[in-house]
Amino acid sequence: MPLADHLRELRNRLAKAMLAVTIASVVAAFYSQDLMRILASPVHACAPGQLETGGKCATIVYTDLLSPFTTTVKVVMMAGIIAACPVWLYQLWAFVAPGLHKNEKKYTYFFAAAAVPLFGAGAYLAFVIMPVSMKVLLSITPDTAANFLEVDKILDFAVRMVLIFGFSFELPLLLVMLNTAGVVTGSRMAGWWRGVVMGIFIFGAVATPSTDPLGMIALAGPIIVLYFMAVGIALLNDKRRRRNDTDAELDDDEASDLDLAPEDIGAIESVPASRALPEQADGSRSERLNGYDDIT
């Protein structure tokens with residue numbers, strides 16, 4: 001297709017995706033109160049009219065006149081993007097798929113099917129960890145102070161936790177993709193395990209919005225397990241590749257083993273001499289000697 005047709009198709013795909021997100025957001029607006037309760041559920045809220053000091057509970061507040069509206073719009077839009085993900089993911093796939101070969105489509109189906117459950121598992125773990133993390137953070141409050149939490153800050157905290165946990169669970173899938181593409185071998189991945197484990201713990205300590213060690217361990221533990229699962233899958237894939245092609249894992253500058261044993265070429269066949277060849281030593285031009293003329 002010409003470039004203009006590609007751009008036109010991209011515009012149509014984006015329009016369909018945006019329409020699906022808009023419709024899902026409008027539907028989610030009717031359940032905005034329920035969504036706000038789910039968002040605030042990890043916080044141990046104080047009873048209405050009760051103000052307790054210390055870290056036993058917190059009071060959820062709005063600090064701006066427009067905060068209720070803007071926060072509701074953010075929550076509704078986020079719910080619309082999540083609810084419409086099958087539509088816009090399909091539009092993305094439909095735009096890219098015509099340029100893929102049959103085997104590339106097969107691998108893409110596998111990776112797309114594995115990416116969604118992994119992200120969902122990470123998001124679910126984030127919601128499980130958030131109440132504990134918030135309780136630990138609120139427990140640091142002195143007995144002479146009370147906690148007032150803005151809804152915007154709770155939303156930012158929840159979104160960051162979900163995105164960090166969700167995308168972190170995609171790391172093993174990325175390693176399997178690199179192995180399938182032949183970029184890295186399973187044995188090399190296995191040799192990295194010490195540095196990878198240390199790096200995952202450091203990433204968990206830096207990336208999680210909460211500063212408690214529980215969040216770091218909750219994020220690092222599953223990723224380490226998934227990493228070793230990815231190493232096992234890569235080793236099995238390398239074994240399959242070696243069985244099908246013994247030279248599949250050679251480097252670009254590494255020579256393959258050559259079979260230098262001589263083979264019988266069979267009987268020599270006489271070839272009629274061309275009229276353009278010089279005469280033989282005996283003056284005849286009928287045949288070459290063993291396939292060659294006497295000058296050669």
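**Group meeting: a walk through one predicted chain**

Leu19, Ile23, Val26, Val27, Phe30 and Tyr31 make a nonpolar patch of about 660 Å². Patches are built from residues with over 30% relative accessible area and no salt bridge; like charges are joined within 9 Å, and nonpolar side chains (Val, Leu, Ile, Met, Phe, Trp, Tyr) within 5 Å. Areas come from the Shrake-Rupley method with a 1.4 Å probe, and for residues only the protein chains shown count as cover.

A word on the model. It is predicted, so local features need pLDDT of at least 70 and side-chain atom pairs count only at pLDDT 80 or more, while totals for chains, interfaces and linings use all residues. Residues are numbered from 1 along each chain as its sequence is written, and side-chain values use heavy atoms, leaving out hydrogens and water.

Phenylalanine 30 sits in the loop between helix H1 (3-29) and helix H2 (32-40). Helices (H or I, at least four residues) and strands (E, at least two) are DSSP runs, numbered from the N terminus. Is phenylalanine 30 buried or exposed? Exposed, at 70% relative accessible area. The cut-offs: buried is under 20%, exposed is over 50%, and partly exposed lies in between, with a 1.4 Å probe and protein chains only.

Now the whole chain. It has 10 helices and two strands. Of its 296 residues, 30% are buried.

Next, the inside. The largest nonpolar core has 43 residues. Such a core is a set of buried Ala, Val, Leu, Ile, Met, Phe, Trp, Tyr and Cys residues joined through side-chain atoms within 4.5 Å. Helix H10 (213-244) is among the elements that give it two or more residues. H10 supplies the largest share, 10 residues. Phenylalanine 165 is one of the residues with the most contacts inside the core. Beyond four places in sequence, phenylalanine 165 has contacts (heavy atoms within 4.5 Å) that include Gly122, Leu125 and Leu219.

Last, charges. How many salt bridges are there? Three. The rule is a side-chain nitrogen of Lys or Arg within 4 Å of a carboxyl oxygen of Asp or Glu. Arginine 8 pairs with aspartate 5, with closest N and O atoms 2.6 Å apart. These two are three residues apart in helix H1, so about one helical turn separates them. Glutamate 9 and arginine 13 meet at 3.6 Å, N to O. Aspartate 34 and arginine 37 meet at 2.2 Å. That pair lies in helix H2. Aspartate 34 is partly exposed at 35%, whereas arginine 37 is exposed at 53%.
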